[in-house]
Amino acid sequence: MQMDEAVIAITGGARGLGLSMASLLGRKGARLALLDLEQEALDIAVGALRDEGIEARSYVTNVADEVSVAQAFGAIAEEMGTVAGLVNNAGITRDGLLIKAKEGKVEKTMSLTQWQQVVDVNLTGVFLCGREAACQMVESGQGGVIVNISSISRAGNMGQSNYAAAKAGVVALTVTWAKELARHGVRVGAVAPGFIETEMTSAMRPEVLEKIARGIPLGALGKPNDIAESVAFILENDYFTGRVIECDGGLRI
Ligand code: NAD
């Protein structure tokens, strides 16, 4: 895919990995549509990108809400043109063990609310946004590229039943869509980041992060731009589809 002038939508684009992707893709010439929950955060992100000379527009969207997603993609098509690239990046954590057992007493510790919130945003959100983008890409006859952000947690991770299941589901969606949409000129890939320095990981205790860093073969957490580069690779490489790039400093080797 040629990045120049292409309209690329990034969910969760107001900060963290999403904003870093917007900056890299914008420097490569893409026009960005940032989708996120709050106007204020989006305004700050769009302002920062404009300072870099990058064109970006903001769309207040809850990716877990079908109507909100349909409205956002309709507005993008009207104001910016057909979406040529989508990065399904919005994601949340609501960690907790499944159960806790102490002194013979067993309690349920992950609530249905915790489970549902993460599945709604991290899996249903990918489904809803991917479906809207695929419609535009196929209707336009131009095709396009969808990049889904999974996680190394997809292999299973303590305290993350909800997140790991959703991120494994994201990979299953990626492969399914790659098979279904190839004939329509749409490629679909995924990136599974390891531990990257963003607000999501800064919520973890410093001693936990230090321990994690010691276990990473490359010896440190990744930077947001490392993930942005992986996303750009999938968007630009016309022979890539249905696969996952694991960018984790060697954590899972
Ligand atoms: P972040 O918390 O810094 O940013 C996530 C963004 O998504 C925020 O701007 C937030 O407002 C937005 N968002 C949350 N719920 C939303 C919703 N319902 N609708 C629209 N936007 C919503 O997180 P990050 O670290 O930048 O992570 C980005 C993606 O990368 C997530 O999918 C995350 O699971 C994944 N990931 C991150 C890491 C890491 O180490 N940071 C590792 C593996 C995977």
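Here is a quick tour of the fold, starting with the whole chain and ending with its sheet.

## Ground rules

What you see is a predicted model, where local features need pLDDT of at least 70, side-chain atom pairs count only at pLDDT 80 or more, and totals for chains, interfaces and linings use all residues. Residues are numbered from 1 along each chain as its sequence is written.

## The whole chain

The protein chain has 8 helices and 9 strands (DSSP runs numbered from the N terminus: H or I of at least four residues for helices, E of at least two for strands). Its radius of gyration is 18 Å, close to the 18 Å that the globule rule gives for 253 residues, so the chain is as compact as a globular protein of that length (the radius is taken over C-alpha atoms, and the rule is 2.2 Å times the number of residues to the power 0.38). Those C-alpha atoms fill a box of roughly 60 × 40 × 35 Å along the principal axes.

## The sheet

An open sheet lines up 7 strands in the order β3-β2-β1-β4-β7-β8-β9, with parallel pairing (strands pair if DSSP finds at least two bridges between them). At its edges sit β3 and β9 (244–247), each pairing on one side only.

Let's zoom in on one end. Strand β2 (residues 31–36) runs parallel to β3 (residues 56–60), joined by 5 bridges; here L32 has A56 as its bridge partner. Another 5 bridges link β2 with the parallel strand β1 (residues 7–11), and A9 stands opposite A33 in β2.
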